[in-house]
Amino acid sequence: MAVRSKARTALAELREDLAGDVFAPGDPGYDDARTVSDAASDRRPAVIARCADAADVVRAVRFARELDLRVAVRGGGHGVAGPARVDGALEVDLRRMRAVTVDPAAEAVRVEGGATTGDLDRAALPHGLATTGARSSATGVGGFVLGGGTGWLDRVFGLAADNLLGVELVTADAERVHANADENPELFWALHGGGGNFGIATALTLELHELPEFSVALLLCLPGTGPDLVRAFREIIRTGPDEVGGAVLYLTGPPAEFPLLCGALLTYVGGESGLRGLAGPLLALPHEAEVVGALPYTDVQCLFDAPSGLRNHWSAECLTGLPDELVDVFHARADRMPEPACSRFVLFPHGGAVTAGPRPYPVPYRDAAWTVHPCACWADPADDGPNRAWVRDACAGVRPWSTGAVPLDLIGDEGPERVRAGLGAGNLLRLEKIKRRWDPDNVFRFNHNIRPV
């Protein structure tokens, strides 16, 4: 009884102290607050603290530690991997904290922990600036950057983590700290790929780059053209400059409209004339639709946003190369995509500034030539089995060409060996020691977890 009384008192004080909102089961707004993009997730946190600022985050973490509550962190994005949703935990919800402040003179931007890629891009674009963001405008900046961060611009500007200049963090002890090259440099190193293991990122500062022109060629083909489309795209990447990137993908939709299509998105940091010179081999192939020309980067980021409210299962494999045999495997696995669904089977290149980027950081996939990314999205719970099985089968099919590494922000909970693959075995002991320094009780464990040693 005394324990319950203490909890009620602490909750009342949290409601009083927080500038943001507090939701508990039975409160108006609780069900809306716990709803996430992935319809397959139906978790019930004990308390949701929707924080308005970093001081609120401190109060929320202190509340959880006093009551020995588990702590989950929800950033601004879709979060389909699931770590923000934990039954009976305190959920620290950062979605009110989404301010983005651009410093054009310094070519830098400060992004609060609840901002999305779309928030970042829309703030930077009027200044003719950009940085590597996710391939979806709905992705949260914090989790994306701290997880490494591969996106449309990484071949020319590097991974998102390579552009990280500083992090403002609330630790497991409810203290506010800064990490950058000069202040807490070991922690700063760990934040380049180590994810949310070391604290709650209330703001990140990122380097921006000039982006005066951006052009795309988007083609949609019938599936039979798919292998030729992939091979043509491969050769453009192999022979083209770092400014060219994009992806090839198979995608499904409502069967009455199209059961399966193959597409290519060729991106170019430059003008339309340069893009057309590169895209010729793609445009020469039979295709059902095309869009070629200058397009705002913010619009490109929205092209493949998945509808909210579907059930999701994702994974990824990094690849040593893209030989013809693998192209055929990619095509065959795409042909098995379950229907009806809104799924995608994506193949995107690395190289350029990704490969040339800073070697010391815990990002083990720099030397990968390509990454394959099966994304299953469906509506009916009865289709859970076939869709999850397809994702597993798609990864298994390309595994003979795997580098052994994986981008952690593209997978869900796939076990400790996959976490090791996403961090790099050679980095793990150093990361575990940093974890012990900043989170010895493993408070922040609902993630791709690094255990303190």
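Modeller: Start with the side chain of Asp154, which makes a polar contact of 2.5 Å with the side chain of Thr150. A polar contact here is a pair of N or O atoms within 3.5 Å; within protein, one atom must be able to donate a hydrogen and the other to accept it, and residues adjacent in sequence count only if both atoms are side-chain atoms. The model is predicted, so local features need pLDDT of at least 70 and side-chain atom pairs count only at pLDDT 80 or more, while totals for chains, interfaces and linings use all residues. Residues are numbered from 1 along each chain as its sequence is written, and side-chain values use heavy atoms, with hydrogens and water left out.

Asp154 belongs to helix H6, residues 154-157. Helices (H or I, at least four residues) and strands (E, at least two) are DSSP runs, numbered from the N terminus. Asp154 counts as buried because its relative accessibility is 1%. Buried means under 20% relative accessible area, exposed over 50%, and partly exposed in between, with a 1.4 Å probe and protein chains only. Beyond the residues within four places in sequence, Asp154 is in contact with Thr132, Arg135, Leu159, His350, Ala353 and Val354; contact means heavy atoms within 4.5 Å. By comparison, the C-alpha atom of Gly88, 66 residues away along the chain, is 39 Å from that of Asp154.

Now to the rest of the chain. The protein has 15 helices and 19 strands. Of its 453 residues, 57% count as buried. A compact globule with 453 residues would have a radius of gyration near 22 Å, and the protein agrees because its own value is 22 Å. That radius is taken over C-alpha atoms, and the globule rule is 2.2 Å times the number of residues to the power 0.38. Along the principal axes, the C-alpha atoms fill a box of roughly 75 × 50 × 40 Å. Among contacts between residues at least 6 apart in sequence, 71% join residues at least 24 apart.

Ser315 is buried because its relative accessible area is 4%. Its side chain makes a polar contact of 2.8 Å with the side chain of Glu414, and one of 3.2 Å with the side chain of Arg418.

Arg418 leads on to helix H14 (residues 416-423), where the buried residues are Arg418, Val419, Ala421, Gly422 and Leu423. These buried residues pack against S17 and helix H15 (425-438). After H14 comes Gly424, with a positive phi near 95 degrees.

Strand S19 (residues 370-378) holds Ala376. Ala376 is buried because its relative accessible area is 0%. Not counting residues up to four places away in sequence, Ala376 touches Arg311, Asn312, His313, Trp314, Ser343, Asn387, Trp390 and Val391. The C-alpha atoms of Ala376 and Ala389, 13 residues apart along the chain, are separated by 9.8 Å.

Two loop residues have a backbone angle to note. Asp68 has a positive phi of about 55 degrees although it is not a glycine. Most residues other than glycine have a negative phi. Asp68 lies in the loop between helix H3 (54-67) and strand S3 (71-74), and it is exposed because its relative accessible area is 72%. Ala174, also not a glycine, has a positive phi near 60 degrees. Ala174 sits in the loop between strand S8 (164-170) and strand S9 (176-180), and it counts as buried because its relative accessibility is 6%.

Last, Pro25 is found in the loop between strand S1 (21-23) and helix H2 (30-34). Pro25 counts as partly exposed because its relative accessibility is 45%. Apart from neighbours within four places in sequence, Pro25 is in contact with Tyr30, Arg44, Pro45 and Ala46. Ile48, 23 residues from Pro25 in sequence, is 9.2 Å from it in space, C-alpha to C-alpha.
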